Each structure stands twice: as structure tokens, then as C-alpha cells.
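Me: I would like to go through the labels put on this structure one at a time. For each, give the value, the cut-off and the conclusion.

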Amino acid sequence: CRPCWLKTYDHNGQLMSEGLSFTDCNLGTFVKYYPTGQVEMYANFKTNETGDWDKFKERGFCSVKEGTWLYYKEDGTIAKVEGYENGKLIK
């Protein structure tokens, strides 16, 4: 997919994750789910603001963590919060 909104499912058809993807790279919003359907993780990756997809991976945009990442417990409460800037953990 170049780019597309990609959804992955387990063998029972349960949604496992979804997010913006370009070939095998994550970019923009990404959400991972528990088998119960509750959100497990809400994440962000660096986006391609240029709109130029040629050599996207070679320019270092592939799956670079960016912004706030939220990790949830199965009961829906926040377990952990992380902040990233250009792939580096800042908080």
C-alpha cells in the first residue's frame, strides 16, 4: 500500500491494529487493540509532509516515532505516556 489505511486482523477476524502505512513503514496515527477490542496503544509516527513518496524510506521517514504515545491497561486506564521527537524518547 502506497500510502493507505492498513488494518490487521487475527485469525478470528478481530481487529488487531490500524494505521497509515506506506509499503512496510508506519506513518501518522497507529492504534493497537487488545483481543477484547479495547485500545492497547495509541501512537504517532513521523509523516511525509512533502507529499513526495520517491525514496521515502531512504530519507529516514520509515516508522520514526513522533509525538505522544499512550499505552492503556485492559480496563481502559492509561498505563504509560511517552513523548518522542524524531524517534528519540523525550519524556
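Me: What makes Phe45 count as buried?

Reply: In this predicted model, Phe45 has a relative accessible area of 9%. Buried means under 20%, so Phe45 is buried.

Me: How do you know whether Phe30 is buried or exposed?

Reply: The relative accessibility of Phe30 is 16%. The limit is under 20%, therefore Phe30 counts as buried. Trp69, with a relative accessible area of 4%, is buried by the same cut-off.

Me: How many aromatic pairs are there, and why is the pair of Phe30 and Phe45 called edge-to-face?

Reply: Searching the whole structure gives four aromatic pairs. In the pair of Phe30 and Phe45, the ring centres are 6.2 Å apart and the planes stand at 75 degrees. Centres must lie within 6.5 Å, and planes over 60 degrees apart count as edge-to-face. Both conditions hold, so the pair is edge-to-face.

Me: What does the pair of Phe30 and Phe45 tie together?

Reply: Phe30 belongs to strand S3 (residues 25-33) and Phe45 to strand S4 (residues 39-45), so the pair ties together parts 15 residues apart in sequence.

Me: Why is the pair of Trp69 and Tyr71 called tilted?

Reply: The planes of Trp69 and Tyr71 are 35 degrees apart, with 6.5 Å centre to centre. Stacked requires under 30 degrees and edge-to-face over 60, and the rest are tilted.

Me: Which residues make up the aromatic cluster?

Reply: Phe30, Phe45, Trp69, Tyr71 and Tyr84 form one cluster.

Me: What makes Lys65 a charge over the ring of Trp69?

Reply: The charged end of Lys65 is 4.8 Å from the centre of the Trp69 ring. The distance limit is within 6 Å, with a further condition of within 35 degrees of the ring normal.

Me: Which residues form the largest nonpolar core, and where do they come from?

Reply: This core has seven residues: Phe30, Met41, Ala43, Phe45, Trp69, Tyr71 and Tyr84. Two or more residues each come from S4 and strand S5 (67-72). S4 gives the largest share, three residues. There is also a second, separate core of five residues, among them Phe22, Cys25, Leu27 and Phe61.

Me: What is Tyr84 in contact with, beyond its neighbours within four places in sequence?

Reply: Tyr84 is in contact with Lys65, Glu66, Gly67, Trp69, Leu89 and Ile90.

Me: How do you know that S1 and S2 pair?

Reply: Six bridges join strand S1 (residues 4-9) to strand S2 (residues 15-22). Pairing needs at least two bridges, so S1 and S2 pair, and they run antiparallel. Leu6 stands opposite Gly19 in S2. Five residues lie between the strands in this hairpin, where Gly13 takes a positive phi near 85 degrees.

Me: What makes S5 and S6 a pair?

Reply: S5 and strand S6 (residues 78-85) are antiparallel and joined by six bridges. Since at least two are needed, S5 and S6 pair. Trp69 has Glu82 as its bridge partner in S6.

Me: Which strands are called edge strands?

Reply: The open sheet has seven strands in the order S1-S2-S3-S4-S5-S6-S7, with antiparallel pairing. S1 and strand S7 (88-89) each pair on one side only, and these are the edge strands.

Terms used
Residues numbered from 1 in each chain as written. Predicted model: local features only at pLDDT ≥ 70, side-chain atom pairs only at ≥ 80, totals over all residues. Heavy atoms only, no water. Phe/Tyr/Trp six-rings, centres within 6.5 Å; stacked < 30°, edge-to-face > 60°. Helix = DSSP H or I, 4+ residues; strand = E, 2+ residues; numbered from the N terminus. Buried < 20%, exposed > 50% of the residue type's maximum accessible area, 1.4 Å probe, protein only. Core = buried A, V, L, I, M, F, W, Y, C linked by side-chain atoms within 4.5 Å. Contact = heavy atoms within 4.5 Å.
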